[in-house]
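Readers may wish to keep the sequence at hand while following the text.

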Amino acid sequence: MENMTIDNGEIALICDLNLEKYLGKWYEIAKYAVKEQRNLDNVTATYSLKANGKILVHNVGYKNGKKRQIKGSAWLRDKKCTGGLYVRFFWPFKSQYNVIKLADDYRYAVVSGQEKDRLWILSRKPVMDKNDYGEIIDFLRVKGFSIDDIALTDQSLAVK
(Lines give C-alpha, C1' and ligand atoms only; values in the text may rest on other atoms or scores of the structure.)
Protein backbone atom coordinates (compact mmCIF):
# COMPACT_ATOMS: atom_id res chain seq x y z
CA MET A 1 0.00 0.00 0.00
CA GLU A 2 1.18 3.51 -0.77
CA ASN A 3 2.41 5.49 2.21
CA MET A 4 2.82 9.17 2.97
CA THR A 5 4.90 10.56 5.83
CA ILE A 6 3.10 12.84 8.27
CA ASP A 7 4.58 16.00 9.77
CA ASN A 8 6.80 14.46 12.44
CA GLY A 9 8.58 12.42 9.76
CA GLU A 10 8.40 9.17 11.71
CA ILE A 11 4.91 7.77 11.19
CA ALA A 12 3.71 6.89 7.68
CA LEU A 13 0.01 6.82 6.86
CA ILE A 14 -1.78 4.32 4.66
CA CYS A 15 -2.85 6.79 1.98
CA ASP A 16 -4.75 4.42 -0.27
CA LEU A 17 -7.12 3.21 2.45
CA ASN A 18 -10.47 2.17 0.95
CA LEU A 19 -12.96 3.80 3.32
CA GLU A 20 -15.84 1.57 2.19
CA LYS A 21 -13.83 -1.54 3.11
CA TYR A 22 -12.72 0.08 6.39
CA LEU A 23 -16.29 0.81 7.54
CA GLY A 24 -17.96 -1.67 9.86
CA LYS A 25 -17.17 -3.21 13.22
CA TRP A 26 -13.67 -3.49 14.67
CA TYR A 27 -12.61 -5.17 17.91
CA GLU A 28 -9.96 -3.49 20.01
CA ILE A 29 -7.19 -6.02 20.60
CA ALA A 30 -4.77 -3.73 22.44
CA LYS A 31 -4.06 -0.06 23.10
CA TYR A 32 -2.16 2.48 25.09
CA ALA A 33 -4.48 2.76 28.07
CA VAL A 34 -5.04 6.51 28.16
CA LYS A 35 -7.02 7.94 31.09
CA GLU A 36 -10.47 8.01 29.50
CA GLN A 37 -10.15 4.43 28.22
CA ARG A 38 -8.56 2.77 31.26
CA ASN A 39 -10.25 -0.35 32.61
CA LEU A 40 -12.53 -0.70 29.57
CA ASP A 41 -12.91 -4.18 28.17
CA ASN A 42 -14.86 -5.76 25.31
CA VAL A 43 -14.30 -2.59 23.31
CA THR A 44 -15.57 -2.23 19.76
CA ALA A 45 -15.53 0.63 17.27
CA THR A 46 -18.13 0.71 14.51
CA TYR A 47 -17.74 3.09 11.59
CA SER A 48 -20.58 3.93 9.21
CA LEU A 49 -21.12 6.56 6.55
CA LYS A 50 -23.37 9.49 7.44
CA ALA A 51 -25.61 11.31 4.96
CA ASN A 52 -23.28 14.36 5.04
CA GLY A 53 -20.31 12.25 3.90
CA LYS A 54 -18.65 12.15 7.33
CA ILE A 55 -18.17 8.92 9.23
CA LEU A 56 -20.18 8.05 12.33
CA VAL A 57 -17.88 6.63 15.02
CA HIS A 58 -19.64 4.50 17.64
CA ASN A 59 -17.36 3.18 20.38
CA VAL A 60 -18.70 0.70 22.94
CA GLY A 61 -16.92 -0.81 25.93
CA TYR A 62 -17.60 -2.15 29.40
CA LYS A 63 -16.23 -0.85 32.68
CA ASN A 64 -16.96 -2.91 35.80
CA GLY A 65 -19.70 -4.70 33.84
CA LYS A 66 -21.49 -1.49 32.82
CA LYS A 67 -21.82 -0.58 29.18
CA ARG A 68 -20.17 2.68 28.14
CA GLN A 69 -20.59 4.16 24.71
CA ILE A 70 -19.79 7.32 22.84
CA LYS A 71 -20.57 8.57 19.36
CA GLY A 72 -18.57 10.99 17.29
CA SER A 73 -17.70 11.99 13.75
CA ALA A 74 -14.64 11.45 11.60
CA TRP A 75 -13.62 13.11 8.35
CA LEU A 76 -10.64 13.13 6.02
CA ARG A 77 -7.85 15.60 6.68
CA ASP A 78 -6.70 15.38 3.06
CA LYS A 79 -8.63 13.66 0.26
CA LYS A 80 -5.31 12.54 -1.25
CA CYS A 81 -4.51 10.47 1.87
CA THR A 82 -7.52 8.55 3.16
CA GLY A 83 -5.64 7.00 6.10
CA GLY A 84 -5.46 10.35 7.90
CA LEU A 85 -8.64 11.53 9.56
CA TYR A 86 -9.85 13.84 12.28
CA VAL A 87 -12.18 12.45 14.95
CA ARG A 88 -14.42 14.54 17.18
CA PHE A 89 -16.42 13.32 20.15
CA PHE A 90 -16.85 16.69 21.90
CA TRP A 91 -17.06 20.11 20.25
CA PRO A 92 -14.68 21.87 19.64
CA PHE A 93 -12.02 19.23 20.31
CA LYS A 94 -10.74 17.01 17.52
CA SER A 95 -7.83 14.60 17.33
CA GLN A 96 -5.91 12.84 14.63
CA TYR A 97 -6.77 9.27 13.67
CA ASN A 98 -3.89 7.83 11.64
CA VAL A 99 -4.06 4.39 10.06
CA ILE A 100 -0.39 3.40 10.05
CA LYS A 101 -0.61 -0.33 9.31
CA LEU A 102 -3.34 -2.27 7.55
CA ALA A 103 -3.66 -5.88 6.43
CA ASP A 104 -4.24 -6.20 2.69
CA ASP A 105 -7.59 -7.89 3.38
CA TYR A 106 -8.52 -5.38 6.13
CA ARG A 107 -8.49 -8.07 8.85
CA TYR A 108 -6.50 -5.77 11.14
CA ALA A 109 -5.51 -2.14 11.43
CA VAL A 110 -3.10 -0.17 13.59
CA VAL A 111 -4.10 3.39 14.46
CA SER A 112 -2.09 6.11 16.16
CA GLY A 113 -2.71 9.67 17.23
CA GLN A 114 -0.71 12.67 16.10
CA GLU A 115 2.10 11.66 18.45
CA LYS A 116 3.24 8.21 19.54
CA ASP A 117 1.29 8.48 22.80
CA ARG A 118 -1.98 7.16 21.32
CA LEU A 119 -2.21 3.68 19.82
CA TRP A 120 -4.90 1.11 19.02
CA ILE A 121 -4.61 -2.35 17.48
CA LEU A 122 -7.90 -3.32 15.84
CA SER A 123 -9.17 -6.56 14.35
CA ARG A 124 -12.29 -7.67 12.51
CA LYS A 125 -12.48 -10.63 14.94
CA PRO A 126 -12.35 -10.52 18.77
CA VAL A 127 -9.27 -12.78 18.79
CA MET A 128 -6.29 -11.87 16.62
CA ASP A 129 -4.03 -14.40 14.96
CA LYS A 130 -0.76 -14.66 16.94
CA ASN A 131 1.35 -14.21 13.80
CA ASP A 132 -0.52 -11.01 12.90
CA TYR A 133 -0.06 -9.68 16.43
CA GLY A 134 3.64 -10.51 16.40
CA GLU A 135 4.07 -8.77 13.03
CA ILE A 136 2.31 -5.68 14.42
CA ILE A 137 4.48 -5.61 17.56
CA ASP A 138 7.63 -5.91 15.43
CA PHE A 139 6.40 -3.07 13.18
CA LEU A 140 5.65 -0.84 16.20
CA ARG A 141 9.05 -1.59 17.79
CA VAL A 142 10.84 -0.59 14.56
CA LYS A 143 8.74 2.61 14.39
CA GLY A 144 9.77 3.58 17.92
CA PHE A 145 6.54 2.90 19.82
CA SER A 146 6.84 1.77 23.45
CA ILE A 147 5.89 -1.91 23.32
CA ASP A 148 5.87 -2.18 27.13
CA ASP A 149 2.99 0.33 27.35
CA ILE A 150 0.61 -1.72 25.16
CA ALA A 151 -2.29 -3.12 27.18
CA LEU A 152 -4.28 -6.08 25.85
CA THR A 153 -8.06 -5.62 25.77
CA ASP A 154 -10.22 -8.36 27.27
CA GLN A 155 -12.70 -9.49 24.59
CA SER A 156 -14.22 -12.38 26.59
CA LEU A 157 -17.84 -11.27 25.99
CA ALA A 158 -17.35 -11.33 22.23
CA VAL A 159 -15.62 -14.71 22.29
CA LYS A 160 -18.51 -16.47 24.07
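## The start and end of helix H2

At the beginning of helix H2, a side-chain oxygen of aspartate 129 comes to within 2.9 Å of the backbone nitrogen of asparagine 131. Helices (H or I, at least four residues) and strands (E, at least two) are DSSP runs, numbered from the N terminus. Just after H2, glycine 144 adopts a positive phi of about 90 degrees.

The model is predicted, with local features requiring pLDDT of at least 70 and side-chain atom pairs counting only at pLDDT 80 or more, while totals for chains, interfaces and linings use all residues. Residues are numbered from 1 along each chain as its sequence is written, and side-chain values use heavy atoms, with hydrogens and water left out.

## Length and faces of H2

H2 comprises 13 residues (residues 130-142), which at 1.5 Å a residue should span 18 Å; its end C-alpha atoms are 18 Å apart, in agreement. The expected span is 1.5 Å times one less than the number of residues.

The buried residues of H2 are Asp132, Ile136, Ile137, Phe139 and Leu140. Because they cover an arc of only 160 degrees around the axis, they lie on the same side of H2; the arc is that of the directions from the helix axis to the C-beta atoms. The face turned away from this buried side carries the exposed residues Lys130, Asn131 and Val142. Buried denotes under 20% relative accessible area and exposed over 50%, with partly exposed in between (1.4 Å probe, protein chains only). The cover over the buried residues of H2 includes strands E8 (93-102), E9, E10 (119-123) and E11 (150-152).

## Alanine 109 in strand E9

Alanine 109 belongs to strand E9 (residues 108-112). This residue counts as buried because its relative accessibility is 0%. Apart from neighbours within four places in sequence, alanine 109 is in contact (heavy atoms within 4.5 Å) with Tyr22, Trp26, Lys101, Leu102, Trp120, Ile121 and Leu122.

Strands E4 (residues 41-49) and E5 (residues 55-63) run antiparallel and are joined by 7 bridges; two strands pair if DSSP finds at least two bridges between them. Threonine 44 has valine 60 in E5 as its bridge partner. The two strands form a hairpin with 5 residues between them, and glycine 53 in the turn has a positive phi of about 90 degrees.

E5 is also joined to strand E6 (residues 66-76) by 9 bridges, again antiparallel. Here histidine 58 has lysine 71 in E6 as its bridge partner. In this hairpin 2 residues lie between E5 and E6, and asparagine 64 in the turn has a positive phi of about 55 degrees.

Technical notes:
A polar contact is a pair of N or O atoms within 3.5 Å; within protein, one must be able to donate a hydrogen and the other to accept it, and residues adjacent in sequence count only if both atoms are side-chain atoms.
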